[in-house]
Amino acid sequence: MRMALNLAKKGLGKTSPNPMVGAVIVKNKKIAGKGFHKKYGRPHAEVDALGKAGRKAYGATLYVNLEPCCFYGKTPPCTEAIIKSGIKKVVCATYDPNSKVRGKGIKKLMEKKIEVKMGILEKEAKKLNEVYFKFIRHKLPFVNLLLNLSLDGKIVSPRRSSGSFEFQRFLKKLNTEVDGVLVDSNEAKNLIWFFKREKGKPRLFIVDKQKKDVINLLHNLAKDNILSLLVRGGKEILTPLLKNKLVDKIYLFFTFEIFGKGEQPFGELGVFQVSDSVYLEGIRVKKLSDGFLLSGYPVGRR
Ligand SMILES: [Zn+2]
């Protein structure tokens, strides 16, 4: 299963609006075939792996990190291909929250007397597809905030800092992983030095600083198949997102500078006592040569 998860990761940034899926076929303790979902519209992981295994799939076990699909989308259902191949057992990390599947894929397999085992490395599998799970459940994009801050928590602007090379590199990497980038009109001016798109991805949305109805804005982006969003900007856009519990993940990139005066990233969040504050969990910290990166998930989010 661990191998299936690692295979799935290879599709990062290319499968949306589909989830990332990897599959491994094992027969007589040997790998008979492996595959992953490479790109939206291309074959699913199960079909990719079955194709590699060929006749060896007969009587074998299939490991896959998400419940196989059972409907006609861009490609025929994977359950059909699995049944046809003669696979004896399917080991699955987690169910697919999509209402077209959600248990129906598993049921189809069991009806054909295929043994099914669920819940292997489930936590890891859900984390891997956290964007997909959030989108399906809440019809909202998975919102990432990325802030470049001085040590004393002020927004780093190109005017005041030499700029971090590693921050730029990280930003470019994040750009390739999300469906959309949302910036305020102020940040838009700085786009030239950080924003590089390939084949029109990610899509760029520039929002007026005075825009208040962020919930409506995110719902509209979701309707537009934006599953994951990276938000860049000042407190006019960051504050309402955080206040309305619409932020899923925060990346704080600190430089080793102290500014004193400067622009704060967040405004009034309605914090009056300790228990009101936005708390980050699942913290990860990475030290870099010209700063450090801290990431975490705000607690109490939707
Ligand atoms: Zn499928």
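I started with strand E10 (residues 249-254), which pairs with E12 in the antiparallel sense over five bridges. For pairing I need at least two DSSP bridges between the two strands. Strands here are DSSP runs of E with at least two residues, helices are runs of H or I with at least four, and both are numbered from the N terminus.

Two housekeeping notes. I count residues from 1 along each chain as its sequence is written. The model is predicted, so I take local features at pLDDT of at least 70 and side-chain atom pairs only at pLDDT 80 or more, while totals for chains, interfaces and linings use all residues.

Back to E12. I looked up the partner of isoleucine 250 there and found glycine 296. Strand E12 (residues 291-298) also runs antiparallel to E11, with seven bridges joining them. A hairpin of two residues links E11 to E12. In that pairing, valine 285 stands opposite leucine 294, and arginine 284 has serine 295 as its bridge partner.

How many residues of E11 (residues 280-288) are buried? I got zero out of nine, so to speak a hardly covered strand. My cut-off for buried is 20 or more other C-beta atoms within 10 Å of the residue's own; 12 or fewer is exposed, in between is partly exposed, and C-beta atoms are placed from the backbone.

Next I checked the whole chain. It has 10 helices and 12 strands, and 39% of its 302 residues count as buried. The C-alpha trace spans about 70 × 40 × 35 Å along its principal axes.

Then I turned to helix H1 (residues 2-9), where Ala4, Leu5, Leu7 and Ala8 are buried. Viewed down the axis of H1, they fall within an arc of 160° (taken from the directions from the helix axis to the C-beta atoms), so they line one face of the helix. These residues pack against strands E1 (22-27), E2 (30-36) and E3 (61-64), and against helices H2 (45-53) and H5 (122-128). Contact means C-beta atoms, placed from the backbone, within 7 Å.

Last, the cores: sets of buried Ala, Val, Leu, Ile, Met, Phe, Trp, Tyr and Cys residues joined through C-beta atoms within 7 Å. The largest has 37 residues, and Ala8, Ala23, Ile25, Leu62 and Val64 have the most contacts inside it. H2 gives this core its largest share, five residues. Another core, of 35 residues, lies apart from it and includes Tyr132, Phe135, Val156 and Leu241.

Terms used. Two residues are in contact if their C-beta atoms, placed from the backbone, lie within 7 Å.
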